[in-house]
Amino acid sequence: MNFTLHIWRQKNLNAVGSFVTYNVNDVDDNTSFLEMLDQLNEALIARGEDCIVFDYDCREGICGACSLVINGYPHGEKIATTTCQLYMREYKNTTELWVEPWRANSFPVLKDLTVDRSSFDRIIQAGGYVSVHTGSAPEANNTLVEKHASDEAFNAAACIGCGACVAVCPNASATLFVAAKISHLDLLPQGRIETTERAHNMAQQMETEGFGSCSNHRHCERVCPKGISLQNITRMNSILG
């Protein structure tokens, strides 16, 4: 397969970026999207050109690093899929692809397709944890967790913090991400004691970081690669009062 790629190139945080067009040929349909970019970078390096910078880590859909908007869709149009899990066979009827980074003021572009998502780290630092005394971990079976609560907590904990919800939201809201982290701990007895303080601290930090407010467009749930439910936002709003 042959593709024409329009890729966002930006030298640094303060530079003005633009789309640059590249051609990549003889791409196997079993090649992943990131492997295709690797193939392009090998060709650029061979020509003495600056390679395209993009984030990745696990390439198994669990780290959230592969933050690309492909033809207007965060992580591509395929549902419940991260960019690293996306294969080029999904574009067998497409010859032209537009690839760009997350678009949000709170995710400034560092270079090319890489953005700074340390704002998410600061939100977690504001309250996304359980305060415990130091020492050995207690026996897990000493604290019983109701099955439904355990399942719901696990579903919320599946959030990988990729930021696709922010990238697709017209308000650049991080509400789904924050709500998932709050719900995860609120549903467990170990975390419930700090629920109210945690929710207020994390919501305040989200506002401080410059993320917008949720206005129920529901696009975030649609593009989330882990299918995080809007029910978590309802739970967070209930805690916040």
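**Terms and their grounds**

Author: The model is predicted. A65 is in contact with D55, Y56, D57 and R117, leaving aside its neighbours within four places in sequence. The residue A65 itself lies in the loop between α1 and β3 (69-70).

Reader: Why is A65 called buried?

Author: Buried means under 20% relative accessible area. A65 has a relative accessible area of 12%, so A65 is buried.

Reader: How far is A65 from F33, in sequence and in space?

Author: A65 and F33 are 32 residues apart in sequence, and their C-alpha atoms are 14 Å apart in space.

Reader: Where is S32, and why does S32 count as buried?

Author: S32 is placed in the loop between β2 (18-24) and α1 (33-46). The cut-off for buried is under 20% relative accessible area. S32 has 6% relative accessibility and therefore counts as buried. Apart from neighbours within four places in sequence, S32 is in contact with C84, L86, Y87 and M88.

Reader: What makes the radius of gyration of the protein chain agree with that of a compact globule?

Author: For 241 residues, a compact globule would have a radius of gyration near 18 Å; the protein chain has 20 Å, which agrees. The C-alpha trace spans about 60 × 40 × 35 Å along its principal axes. Of the 241 residues, 46% count as buried.

Reader: What share of the contacts with a separation of 6 or more is between residues 24 or more positions apart?

Author: In the protein chain, such residues account for 69% of those contacts. The secondary structure comes to 9 helices and 7 strands.

Reader: Which residues touch the most other members of the largest nonpolar core?

Author: The core has 35 residues, and F107, F120, I123, V166, L176, V178 and F211 touch the most other members. At least two core residues each come from α2 (118-125), α4 (164-168), α5 (175-186), α7 (195-208), α8 (219-223) and α9 (231-240). The largest share, 6 residues, is supplied by α5.

Reader: What is I123 in contact with, leaving aside its neighbours within four places in sequence?

Author: I123 is in contact with G128, F177, V178, M202, Q205, M206, E209 and F211. Another core, of 25 residues, lies apart from the largest one, and its members include L40, F54, M88 and L97.

Reader: How many charged side chains are there, positive and negative?

Author: The protein chain has 19 positive and 28 negative side chains, with the centres of the two sets 2 Å apart.

Methods
Residues numbered from 1 in each chain as written. Predicted model: local features only at pLDDT ≥ 70, side-chain atom pairs only at ≥ 80, totals over all residues. Heavy atoms only, no water. Helix = DSSP H or I, 4+ residues; strand = E, 2+ residues; numbered from the N terminus. Rg over C-alpha atoms; globule rule 2.2 N^0.38 Å. Buried < 20%, exposed > 50% of the residue type's maximum accessible area, 1.4 Å probe, protein only. Contact = heavy atoms within 4.5 Å. Lys, Arg positive; Asp, Glu negative; His and termini not counted. Charge placed at Lys NZ, Arg CZ, Asp CG, Glu CD. Core = buried A, V, L, I, M, F, W, Y, C linked by side-chain atoms within 4.5 Å.
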